[in-house]
Amino acid sequence: ALNHYQASLDLRREIGDGRGEGWMLQRLSSVYAAKGITDLASSYANEARTLAEENDDAELQQACSELS
């Protein structure tokens, strides 16, 4: 899953899809948290939260709050 999420994140960044970028960061954060890699999970979650706020995405904001 990590490889697919990372590839999707790279593509979304390339095309300027901030909302999609936020969702991929949230998913990466969730996977890293499950693996116990908390520093990376936290970093991705913070980036996702910022994009959720910038894109006024309440659903993503809720998903990010569930990571904490």
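Here is a short tour of this structure, one selection at a time.

Keep in mind that the model is predicted, with local features needing pLDDT of at least 70, side-chain atom pairs counting only at pLDDT 80 or more, and totals for chains, interfaces and linings using all residues. Residues are numbered from 1 along each chain as its sequence is written, and side-chain values use heavy atoms, leaving out hydrogens and water.

**Stop one: the aromatic pair.** Select Tyr 32 and Tyr 44. Rings of Phe, Tyr and Trp (its six-membered ring) pair if their centres lie within 6.5 Å, and planes under 30 degrees apart count as stacked, over 60 as edge-to-face and the rest as tilted. That rule gives one aromatic pair. Tyr 32 and Tyr 44 form it, stacked, at 5.8 Å centre to centre with 20° between the planes. Tyr 32 sits in helix H2 (residues 18-34) and Tyr 44 in helix H3, so the pair ties together parts 12 residues apart in sequence. Helices here are DSSP runs of H or I, at least four residues, numbered from the N terminus. Both Tyr 32 and Tyr 44 are buried, meaning under 20% relative accessible area (1.4 Å probe, protein chains only).

**Stop two: around Tyr 32.** Now show what Tyr 32 touches (heavy atoms within 4.5 Å): Leu 2, Ile 37, Leu 40, Ala 41 and Tyr 44, not counting residues up to four places away in sequence.

**Stop three: Asp 57.** Move to the loop between helix H3 (38-54) and helix H4 (58-65), where Asp 57 lies. Asp 57 is buried, with a relative accessible area of 4%. Among the residues that Asp 57 touches is Trp 23.

Notes: Helices (H or I, at least four residues) and strands (E, at least two) are DSSP runs, numbered from the N terminus. Buried means under 20% relative accessible area, exposed over 50%, partly exposed in between (1.4 Å probe, protein chains only).
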